[in-house]
Amino acid sequence: MGTSDGTVISLTKILDNGPDTELCNVVLVAEGFTAAEQGDFIALCDDFLTALQAEAWYSVLGAGLNIHRLIVHSDESGTDDPTDCAGGDGTDVDTYFDAQFCNSGIRRCLSGDEGIVRDELDAALAQWHVAGVLVNTTDHGGCRSGNVFWTSVKPGWENTALHELGHAAFDLADE
């Protein structure tokens, strides 16, 4: 599993507040979306932008952000769901960043290979600061590792993504 299980397609700036060299660049990354599901990923990126711009702090700090999306086709749809944790169903799919539930022994901790994420973003946008990996699953989950956060796309996922963005971008602790 991993980079042999998909293809990086393109990077697009979807919120342009200025030069990438001068602003904080957040990149939304597709994980577990097949080529046929990229329209869904694009719509989710738009949903994230709407939720972000509705945040109370956005009117003060939002002009300092650029948002990009990285389209990545995975060979299969979804994420791994190992039986190591209670509730795992044993799903094993071929995705580019090898996302899975049950990281650090925590069922809802959804993450994957941050090293591959960072390598791909370094190649696509040297000035990136924070990555949000949107994982194509409607089971609840999210986690972060440094400046990379992962979130499922369960209805209401935007709140999880904004929560994880607070960890990844600003090193905020849980409430």
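A: Just past the end of helix 4, Asp171 takes a positive phi of about 55 degrees. Let us work back from there. This is a predicted model.

Helix 4 covers residues 157-170, 14 residues in total. From its first C-alpha to its last it reaches 19 Å. That is close to the 20 Å expected at 1.5 Å a residue.

Is the helix mostly covered or mostly open? Helix 4 is mostly covered, with 10 of its 14 residues buried. Among them are Trp157, Leu162, Leu165 and Ala168. Glu158, Glu164 and His167 are buried too. An α-helix has 3.6 residues a turn, so residues three or four places apart point the same way.

What do the buried residues of helix 4 pack against? One partner is a helix, helix 1 (38-54). The others are strand 2 (24-31), strand 4 (130-135), strand 5 (142-145) and strand 6 (148-152).

Six strands form an open sheet in the order 1-3-2-4-6-5, with mixed pairing. Strand 1 (6-15) and strand 5 are the edges, and each pairs on one side only. From one strand to the next, the twist averages 20 degrees.

Strand 2 and strand 4 run parallel, joined by six bridges.

How values were computed: Residues numbered from 1 in each chain as written. Predicted model: local features only at pLDDT ≥ 70, side-chain atom pairs only at ≥ 80, totals over all residues. Heavy atoms only, no water. Helix = DSSP H or I, 4+ residues; strand = E, 2+ residues; numbered from the N terminus. Expected span 1.5 Å × (residues − 1). Buried < 20%, exposed > 50% of the residue type's maximum accessible area, 1.4 Å probe, protein only. Contact = heavy atoms within 4.5 Å. Pairing = 2+ DSSP bridges. Axes fitted to C-alpha atoms, helices over the stretch in contact; angles between N-to-C directions.
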